[in-house]
Amino acid sequence: MASKSAVTPGGQPKGKEEPSSMADVYNHELTPLQKHVAFFDRNKDGVIHPSETYEGFRAIGCGVALSAFSAVFINGLLGPKTIPENMKVGAFKFPIYVKNIHKGKHGSDSGVYDANGRFVPEKFEEIFKKHAHTRPDALTGKELNELLQANREPNDLKGRVGGFTEWKVLYSLCKDKEGFLHKETVRAVYDGSLFVKLEQERKQAKEYAKKK
């Protein structure tokens, strides 16, 4: 990872290769897609390094192996697409720039984010209208597989793997006792609020366990 030397106005350390102007993404209203990924920018410097992706996945309850795979795959897939023009970064660092995350959208997805990272309500509702056969406000594991199958684009292995990983992790972490993934939970993923909630719940559970 990059060495940390400079400090942002908010008191957070920054890597040498990122200009401070990139952190100003947080001085403006974030798009839903930016909010979605900002959780993984653990030091809020505008750049998500693989180590931060790993830390974020661990924070929401994923195991070591899955968190490590996600860090390598997600940063490797999205990072190069989000690097600002005329900027050089070290080999194998794969930083993801929150400001440019819309450039990293992969194929074979639901289309709930548009090309600029904005939330498209019609596409979100379409997920449940088309695939929620058992209950109108939730998806079963089988219905989720149907969704993934419907979203597949030809010759798009990376996009398929990306979509599969995202949805399967969500289902594993958030399905209820009956195996339903609720609509309100999925909605919270798209603005990143679910990640914050999962991290808080995990911290509270750890604190409760220590007191017992």
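The model is predicted.

**Core.** The largest nonpolar core has 42 residues. Ile127, Trp167, Leu170, Val186 and Tyr190 make the most contacts inside it. Helices α1 to α8 each supply at least two of its residues. The largest share, 5 residues, comes from α6. Domain 1 (28-104) and domain 2 (106-207) each give at least three residues to this core.

Tyr190 touches residues well beyond its own stretch of sequence, among them Pro32, His36, Phe124, Ile127 and Trp167.

**Helix α6.** This helix has 18 residues. From first to last C-alpha it reaches 26 Å, close to the 26 Å expected. Its buried residues include Gly159, Gly162, Gly163, Trp167 and Leu170.

An unreviewed UniProt entry lists residues 57-78 as a transmembrane region. In the model, that stretch is 82% helix and 0% strand. Its end C-alpha atoms are 16 Å apart.

**Salt bridges.** The count comes to 10.

| Pair | Closest N to O distance |
|---|---|
| Glu126 and Lys123 | 3.9 Å |
| Glu199 and Lys203 | 3.8 Å |

Glu126 and Lys123 both sit in α4, 3 residues apart. Glu199 and Lys203 both sit in α8, 4 residues apart. Residues three or four places apart in an α-helix point the same way, because each turn takes 3.6 residues.

Glu199 is buried, at 14% relative accessible area. Glu126 is partly exposed at 29%, and Arg135 is partly exposed at 26%. Shared partners join Arg42, Glu55, Glu199 and Lys203 into one salt-bridge network.

Methods:
Residues are numbered from 1 along each chain as its sequence is written. This is a predicted model: local features need pLDDT of at least 70, side-chain atom pairs count only at pLDDT 80 or more; totals for chains, interfaces and linings use all residues. Side-chain values use heavy atoms; hydrogens and water are left out. UniProt positions are given in the numbering used here, feature names are shortened, and annotations may be inferred rather than shown by experiment. A nonpolar core is a set of buried Ala, Val, Leu, Ile, Met, Phe, Trp, Tyr and Cys residues joined through side-chain atoms within 4.5 Å. Buried means under 20% relative accessible area, exposed over 50%, partly exposed in between (1.4 Å probe, protein chains only). Domain bounds come from an automatic or database domain assignment. Contact means heavy atoms within 4.5 Å. The expected span of a helix is 1.5 Å times one less than its number of residues. A salt bridge is a side-chain nitrogen of Lys or Arg within 4 Å of a carboxyl oxygen of Asp or Glu.
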